[in-house]
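Subject: Structure for your review

Dear colleague,

Please find below the structure that I am handing over to you. My notes on what was found in it follow directly after.

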There are 2 protein chains.
Amino acid sequence: MGRGRKPIFAIILAGGSGERFWPLSSPKRPKQFLKIFGGKSLIRQAMERVLPVVPVANIIVITAKTLAAATRAELPELPRENVILEPCRKNTASAIATALGEVLRRGGEDALAITLTADQLMKKPGVFRSLLVKSLGVAARKDVIVTLGVKPTYPATGFGYIDRERKIFVEKPDATTAARYLKSGKYLWNAGMFIFRAGALAAILEELSPELYNLSLAVSKAPSASRVLRRLYPTLTSVSFDYAVMERTRAIEVVSGDFGWDDVGGYAALAAHLPADAQGNIRLGKTRLLECTGCTLLGDGVRVSAFGLENIVIASCGDEVLVMPKSRSTELKRLFEVLPAGLAKIISK
Amino acid sequence: MGRGRKPIFAIILAGGSGERFWPLSSPKRPKQFLKIFGGKSLIRQAMERVLPVVPVANIIVITAKTLAAATRAELPELPRENVILEPCRKNTASAIATALGEVLRRGGEDALAITLTADQLMKKPGVFRSLLVKSLGVAARKDVIVTLGVKPTYPATGFGYIDRERKIFVEKPDATTAARYLKSGKYLWNAGMFIFRAGALAAILEELSPELYNLSLAVSKAPSASRVLRRLYPTLTSVSFDYAVMERTRAIEVVSGDFGWDDVGGYAALAAHLPADAQGNIRLGKTRLLECTGCTLLGDGVRVSAFGLENIVIASCGDEVLVMPKSRSTELKRLFEVLPAGLAKIISK
């Protein structure tokens, strides 16, 4: 396989708008900084998860300029130059192309790289790492993008899917399509993690997107990414890596397995990860409750008292408190859409 | 009637445990200090309501020692000696007997007095004052306690009732009895306001309760109430004026009318007094909401955001926030009963 000779890099994509767990999360402290899962932030968990496979010097975090201090504080062992700051928000295609340029400069075309999200949970890190090793093996042998697929457990409409037989990516489906995907057994969730040889992805970008290829090339040839990004980022199209690359290439291999993956897409998803009382209530922080069932109380700010409620989420943080039915927690973004300047406006103090 | 010759006093009973509107109210700031009704506290409204009938020098407030500063700050025009402080909580019988002693000392047996609650709303103050004048006339002529009755509008179980024909007080009924009372048309709500000649009430107390009579007498003979209260209050039985006096005497006259009375017994009762949006939501203070109906949002502390809720009360104040269904707002006290030291414990910081 030649793995021994090729350096391995991990690229942690750590953007995030902070909407899904507002007010616990916010644009200034998006989901990856939440410490409600075992007291350790999700971004720290993401880093520690790959440490047995990738040396810390090769772990690169791509994040927003505004999150620089918070990210460095959370991952103090990371070399300063390994936190690459995007001057503006340009979605995942630009972030991965930037990281590719960094990997090319540091490790050359034969370097292997793993792109990871910063804000997901994996309950089976051992299984995850063995899948990574398997994926790296495939990426070392073949000029493909290896993607990690997760077997669907419910008809999710919030994820993209992978057609495992045809090896193609498909967009987020509507509810009917998602149900069909689930029933067929032929589809996997796209967990947003990609493994590739640097030279292989560079060739794919060259074919599909001059813009992204030029970005990678420019970063790889510059002494550091920052000046290149300041110049190029404002001109880039904002597009996801799935849309710009994965849905357009046939050079895909899928590695799948059950590594306890959870996107933790909103407050309702917490139930699987936090202990509940006999009435199904989840409580964290300063809370008290009487005669409630199925509620989620997160008192990170003021104390939350709940009486006689069913399936309600209450989250307090700083000088904000949010109350909504658990069933609507995936729609939370709409609260910001109807407001003049969205969440950024909301959280300005 | 001789009203011109007899001094008139108003006695405002301003105790309160602060439970019904917690966390907006609390033992340190009970309901009478709420300013959500037109921006003026309920105790201030109570005082201003009787000012056309009673000179400010004759308005006496009986309150807890712990509420002295808040009460004086709220009613700065009241002479300092007109705020009488109870050293401990002993219910309304002791408070009225104390006030009676004060009236006897200042105005003698022929003085007329009105006892009022500090934490109720009256939407028709003009009607109220005309009923007061009528009641004072009755009290000047007859040795009775005149009580103000309110025609029931729903089968309330939270109030005592007055049998208007038999002129007797009856206890808070259960739901079935309350429905019968409402249907019969023979019962009035006891609004807790009494009008009497000082000498007449003294004679009634002498007959019914040596303890209360002695308290009145001691206060009437002392230079000021405070030393007497410090000595006697700890020894007193804690009992309501309704139970100790009104349910045991036949010397009762009832004056009734519609003066827009509302006890405002809890969050659900706010709907009648505060403006609502097209979806029936009431909002005060720092709140935002999306797709809610029939909710009550009071953001006196942190900002409250509500999304997709129906008939929920959310009240924030200081570092506390309460969430409950509107339908259970009269049960709020139970939240404190189940906690080790009740509300006092809850609000200690």
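In chain A, helix H7(A) passes helix H8(A) in a right-handed crossing (a crossing is right-handed if the near helix is turned clockwise from the far one by less than a right angle, and left-handed if anticlockwise). H7 covers residues 210-221 and H8 residues 225-232 of chain A, and the two pack at an angle of about 150 degrees with their axes 8 Å apart. Axes are lines fitted to C-alpha atoms, for helices over the stretch in contact, and angles run from 0 to 180 degrees between N-to-C directions. H7(A) and H8(A) are therefore roughly antiparallel to each other (angles over 145 degrees count as roughly antiparallel, under 35 as roughly parallel, 65 to 115 as roughly perpendicular and the rest as oblique). A:Leu215, A:Ala218 and A:Val219 of H7(A) meet A:Ala225, A:Val228 and A:Leu232 of H8(A); residues are in contact if their C-beta atoms, placed from the backbone, lie within 7 Å. By class, this contact has six nonpolar, no polar and no charged residues. Ala, Val, Leu, Ile, Met, Phe, Trp, Tyr, Cys and Pro count as nonpolar, Asp, Glu, Lys and Arg as charged, and the others, Gly among them, as polar.

Please note that this is a predicted model, in which local features need pLDDT of at least 70 and side-chain atom pairs count only at pLDDT 80 or more, whereas totals for chains, interfaces and linings use all residues. Residues are numbered from 1 along each chain as its sequence is written, and chains are lettered from A and ligands numbered from 1 in the order in which they are written. Helices (H or I, at least four residues) and strands (E, at least two) are DSSP runs, numbered from the N terminus.

Two helix pairs of chain B may also interest you. The axes of H3 (residues 91-107) and H6 (residues 198-208) of chain B come within 10 Å and cross at roughly 135 degrees, which means that H3(B) is oblique to H6(B). Their crossing is left-handed. H3(B) contributes B:Ala97, B:Leu100, B:Val103, B:Leu104 and B:Gly107, while H6(B) contributes B:Ala198, B:Leu201, B:Ala202 and B:Leu205. Eight of these residues are nonpolar, one is polar and none is charged.

H6(B) also packs against H7(B) (residues 210-221), where the axes come within 6 Å and cross at roughly 140 degrees. H6(B) is therefore oblique to H7(B). Here B:Ala202, B:Leu205 and B:Glu206 of H6(B) face B:Leu212, B:Tyr213 and B:Ser216 of H7(B).

As to domains, an automatic or database domain assignment gives chain A domain 1 (3-262) and domain 2 (267-331). Nine residues of domain 1 and 14 residues of domain 2 make the contact.

Finally, the contact between the chains takes 25 residues from chain A and 25 residues from chain B. On the side of chain A, strand E13 (296-307) gives the largest share, seven residues. That side has 16 nonpolar, four polar and five charged residues. Chain A can be laid on chain B with an RMSD of 0.0 Å by a turn of 180 degrees and a shift of 0.0 Å along the axis, the superposition being by least squares on the C-alpha atoms of residues with pLDDT of at least 70 in both. The two copies are thus related as by a two-fold rotation axis. Because 100% of the interface residues of chain A are also interface residues in chain B, the copies meet through the same surface.

With kind regards

Note on methods
Two residues are in contact if their C-beta atoms, placed from the backbone, lie within 7 Å.
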